Amino acid sequence: MDKGLLAYLIIPLFAAVVIPFAARNRPRLADVLANVTLLAGLANLAWLALRPSMIAGGFADIPGDGFSLLLVAAIYLVALCVTFFSAWFIEEGLPNRQAYYSLILVSVAAMTGVVTTSDFFTLYVFVEVLAVTSFALITTDESAGGIEGALKYFFLTFPASALIIVGLSILMMTLGSLSYENLRIFMSSDIPSGPVTFAAALMLLGFVIKSGVVPFHAWTPDAYQGAYAPVSAHLAGIVTKISGVYAIVKIATLLRFFDGRATAVSEMLMFLGLLSIVVGALAALKQTSFKRMLAFSSISQVGYIVLAAGLGTPLAIMGAVFHLFNHATFKTVLFLNSASLEKAAGTTDMDKLGGMEHPMPWTSWTSVIALLSTAGVPPLSGFWSKLLIILALWESGLRTYAVVALLFSIVTLAYFMIMQRKVFFGRKSAAAESASEVSAPLLAPAVLMSAVIVAVGLLFPYFYTYVRVVAERIIL
Amino acid sequence: MDLPIKMLTTAVAVPVFGAFLIPIAARVSVPVRNAFAVLLGLFTFTAAASLLTTVLGGQTAEYAISFPRGFDFILQADMLSVFMASVSAFVSAVILIYSLDYISHYENQTEYYAMVVLFLGSMMGLVFSANLLWMYVFWEMTGFASWRLVGFFRSDRDVAKANKTILVTVFGALCMLVGIIIVYFEHGTLDLRALHGAGISYAAAACILAGILSKSATLPFSTWLPDAGVAPSTVTSLLHAAVLVKIGVYAYARIFGVTFAAPDAFSNLVLYLAGASALVSAGAALIDTDIKRIIAYSTVSQIAFIFLGLASGNKTAFAGALLYILMHSVAKGGLFLCAGIIEQNTHTKDINKMGGLFASMPWTGVAFALCSLSVMGIPPFGGFFSKFMVFSGAAQNGNLAVLLMFFAGAVMTLLYLVRLFYKIFLGEAAGHDSPKEGSYTMVASVMALALIGLALGALIYYPSAYAQLLTANLGVNLQ
């Protein structure tokens, strides 16, 4: 456990316990407590990583491997946007309102645990805590859709947990330790490759299911569509990335130390990544529900991260880390905007919307920024991370992969163009006549995240320096 | 920083960042917003034109920000970039002024001004960038601005056409990015100054060419331009026909004209593609009946002549092609603005419903005729000299098949423009009630462009001396 970051785990956990008691008679207090906890954490992180002396020093003094810190920042950022949004989005009288905030904070604590731990068993425990909280969060929406989504999530991710625990046991039996440090040493030494490869493959399979990579993606659209809109932003933006993709990146970097004795596993991972990009993008083209389209888009974008993680060169890891962060920002914007649409127009069915840019200009423009970044249009942040991934693929001689990954940006752009035409552009629909822009507090998170997207894109050299430090520390 | 470098950076930064201030200016009042937008346009033109003295003095101005992995942001003012920047900033400034009147009664005006200025800024960035990656970045930014502009009217048909425009051009741009990546791994740098005179592989050249052809609406990517030219307002189509398509031409001149030594077989391929493009689009212009579609097809056809000059590998032809960019921008701008006046006053785009308009719109008719003559290449208009230089240079290279294709294309240009003029201004009136002449500012701007075309012909010595000096100084692999 990275002890320097332990406070980021304990404080939200503490707040989660306090909220139900403190806010029993004053429901607004739950909003305040959750937001203040996360905001304080974020301010703290910003000071830790973004103070001028740190930037001037090229981030050399970043505590830990830097990866944890970046991801904790992403977790706090997304969670803050979600709780801030929820404070105005979820009606005050709802019975499980306090529970909702507690669950969000527990999931923040669990995610922090996942990214700060230094051994696979602790990681597994926190991933399970995360799975339970997500399951409960999806059911906060008590409609049939919420229950269906939650059940699908449950039935598909718990077998995945079983696979992971079997893999962990085999690893434990063969190597006698599960800490990253020891694994790294074992991997570089002369150990029998069979059981380790098998264990790694099982674990990867489990995490691939958890991150919703094709062909194990069936649960994601239903879960995202069924849940409350802010919850789907939370899940798609950060939870599935931490519970699945983070571990994939971690295992893939460890496999690199295995001296090419597990190339089949890495190649399989890359293939699944590419398949995700292709299938997710093509499926997103056909969706009529905004949230489902975003879910498929999420599958497609996770494909890029998995593809880069499978490749595992330093440049690819940089691209994967960068894209993981970027994905959290732009997917949160889009999901929160879908929530705003739902609130303003009463539906997220794209066939019933149209011309929403007139009543909702802010929502429209933040969506444009986020979708262009997703499609990798320069100079926004998504362009740079995709470029790094594609350069890494090309550098390793995988030109077909690089070209396919690059050209599928056009499909990404195409489905977002369809979305933009149906929802925001185009002739005014009946929904647009009666709708009006949501209130400023609901817009604030999307505007903040859009600002992050633009800023990271324009300040690419600084971010690049940071992710290079990360890649150097977790690979070398 | 000395003055030229300041001018160089402001020419890019002021319109790019100024575009985002336009919505804020719009909060103050409409006249403030309009004045601000026009000022941005005029300032950009002044800044770009002020660099002419620097480059004529044999100097270049450079400005660089270091980026990791050789993605440095480099702005460079040399003869080619300053020439191109001045021409496009001039046309854009005219468009902004003309727009004041023209779009004053439509929705989404603030977005329109913001996007035109953003487009102008991205164009400046593209032209001045001396790093392929940053060319690509600005390339996509222009694509974004044009997406919003083509979708200016928000009917489903317009938005579908806007989406077609951006998808075609972004697809091309992604192909170009593949080409850029190949160059990156072949040479280890994307700095065009370092790449001067280097060789380029067929794969990279072909990928980059795909991007160029998609942006400049040449076969096989030509279909978006007539669509983009029809759906939105005239000013938007003008922006596309007179400025946007020149991006592709500029990129060709920059990448294959003055940086890489393009393989001969590659240049030949470009010649045949351009020849086919000239013929097909001229044919389309001959049979279409929509005035703006005809002019848009004419643009596709004329762009092919520029490619002929650039790809011939001959100094005279290359200089002629550069002049062609200038002449075509001015003359085609005039034609589009005339079409705007005609459309606004007759309320139709169908040339069969016009006829005999010369009696009621004499000034527009004269301006239209003068601009047409320049596009046809009749002496003493500027268009004659550029076409003549392109042809004489290409003839020295001696590819008879290509020359014949282009000769046929030139004859067809003559035919479709005469037909267009006859159908609109001469002949019998077809069911209209003699519409009145356009407003004073509009007629003044088209007459100005027509007379500039004539003046450029009379003073051809200066631009042609500039183009020849440029070719001699910067050209790579030219005979």
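Two residues are in contact here if their C-beta atoms, placed from the backbone, lie within 7 Å. With that in hand, let us look at A:Leu307. Leaving aside its neighbours within four places in sequence, A:Leu307 is in contact with A:Met270, A:Gly273, A:Leu274, A:Ile277, A:Ile389, A:Tyr401 and A:Ala405.

A word on the model: it is predicted, so local features need pLDDT of at least 70 and side-chain atom pairs count only at pLDDT 80 or more, while totals for chains, interfaces and linings use all residues. Residues are numbered from 1 along each chain as its sequence is written, and chains are lettered from A and ligands numbered from 1 in the order in which they are written.

A:Leu307 also belongs to the largest nonpolar core, which has 387 residues; A:Leu307, A:Ile75, A:Ile248, A:Val321 and A:Ala405 touch the most other members. Such a core is a set of buried Ala, Val, Leu, Ile, Met, Phe, Trp, Tyr and Cys residues joined through C-beta atoms within 7 Å. Buried stands for 20 or more other C-beta atoms within 10 Å of a residue's own, again placed from the backbone.

Now for chain B as a whole. Chain B has 17 helices and two strands; these are DSSP runs numbered from the N terminus, helices being H or I of at least four residues and strands E of at least two. Buried residues account for 61% of its 479 residues.

Next, a helix pair in chain A. The axes of helix 7 (residues 144-175) and helix 10 (residues 219-226) of chain A come within 7 Å and cross at roughly 145°. Axes are lines fitted to C-alpha atoms, for helices over the stretch in contact, with angles from 0 to 180 degrees between N-to-C directions.

A:Gly226 is found in helix 10 of chain A. A:Gly226 is buried, because 24 other C-beta atoms lie within 10 Å. Beyond its neighbours within four places in sequence, the contacts of A:Gly226 include A:Ile138, A:Asp141 and A:Gly145.

Finally, where the chains meet, the contact takes 23 residues from chain A and 22 residues from chain B. Helix 17 of chain A gives the largest share of chain A's side, nine residues. The elements giving two or more residues to that side are tabulated here.

| Element of chain A | Residues |
|---|---|
| helix 16 | 381-395 |
| helix 17 | 399-423 |
| helix 20 | 460-475 |

Key: A residue is buried if 20 or more other C-beta atoms lie within 10 Å of its own, exposed if 12 or fewer, and partly exposed in between; C-beta atoms are placed from the backbone.
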